[in-house]
Amino acid sequence: MAPSSVEEAFGDHTDAARDLVVEVVRARHDRSVEAHEASGSRHLLGFGSQWRDLYDEANEAFKDRGYKSHRLEPAGWRLPIVNRCLLVVWRVPSRANAIDGFASSKTRRNGFFARESLEIFGDSFLGGGETARDDAEEAEFESMVKAAGAVMPVVLVMVHSTPRQLSSIEWAVAEYDSATGAVRLHGEEVLWRPELVDVGAASDVESFDSGSPVAPSLALQSEERPADE
């Protein structure tokens with residue numbers, strides 16, 4: 001059964017993972033906005049391609065802090081393992097029912113069947129050359145043995161953004177329904193949202209009870225369709 005929340009999945013690693021995820025996503029968004037503005041393009045294809053950068057940069061950030069990673073085939077992405085859970089940072093396409101389509105990619109779908117590698121034990125344990133030094137170490141080793149080969153829960157970080165704004169960063173435990181192909185989320189939580197501007201602070205803004213509001217000018221933009229198989 002999947003954990004009911006990310007805090008249950010990550011345990012003592014939750015706060016550190018939360019801070020690092022927010023740091024990585026916000027930094028990548030800023031760089032992607034700069035590149036998009038420099039290109040002068042009216043389309044979102046270039047901005048939307050940050051999905052691969054998010055995978056790479058999240059993995060590097062967690063690796064620098066001592067976390068291991070897992071390689072997903074066939075695309076070969078490397079994703080962080082946090083407390084024996086697979087962490088996937090994903091920019092959500094701005095279309096209806098986008099979450100349901102998360103597993104439409106073969107590589108992303110394989111994440112729901114990923115198993116932790118036996119490399120976590122090292123050569124000494126596998127070769128029988130070292131024994132546990134005390135009861136606590138032995139208990140920890142037994143826990144790792146039981147976990148080895150088990151399918152890792154997936155924690156999905158959902159990034160909602162456009163070149164105009166990073167709207168929100170959320171995460172949840174994601175569970176794949178093999179019967180329907182849909183993805184179910186457990187324990188959704190907002191990690192970050194932009195601060196709201198205090199309307200009362202803008203004293204020179206005309207109220208709608210005096211005069212008529214001016215409708216904003218809108219321009220349609222094409223939606224990206226990243227080929228992330």
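I began with the largest cavity, which holds about 40 Å³ of space; the model is a predicted one, where local features need pLDDT of at least 70, side-chain atom pairs count only at pLDDT 80 or more, and totals for chains, interfaces and linings use all residues. Residues are numbered from 1 along each chain as its sequence is written, and side-chain values use heavy atoms, with hydrogens and water left out. My search of the whole structure turned up 1 cavity of 30 Å³ or more. By cavity I mean a set of points, on a 1 Å grid over the protein atoms alone, where a 1.4 Å probe fits but cannot get out; lining residues have an atom within 4 Å of a point. Volume is the space filled by probe spheres set on the points. I noted Trp 77, Phe 102 and Arg 108 among the lining residues.

Next I looked at the second largest pocket, with about 240 Å³ of space. Of its 13 lining residues, Phe 112, Val 151, Met 152, Pro 153 and Glu 175 are the closest to the centre. A pocket here is an open set with protein on both sides within 12 Å along at least five of seven lines. Phe 112 also turned up in the lining of the largest cavity.

**Thr 14.** Is Thr 14 buried or exposed? I found it buried, because its relative accessibility is 4% (buried is under 20%, exposed over 50%, partly exposed in between, with a 1.4 Å probe and protein chains only). A polar atom of its side chain lies 2.7 Å from the backbone oxygen of Gly 11.

Definitions and conventions: A polar contact is a pair of N or O atoms within 3.5 Å; within protein, one must be able to donate a hydrogen and the other to accept it, and residues adjacent in sequence count only if both atoms are side-chain atoms.
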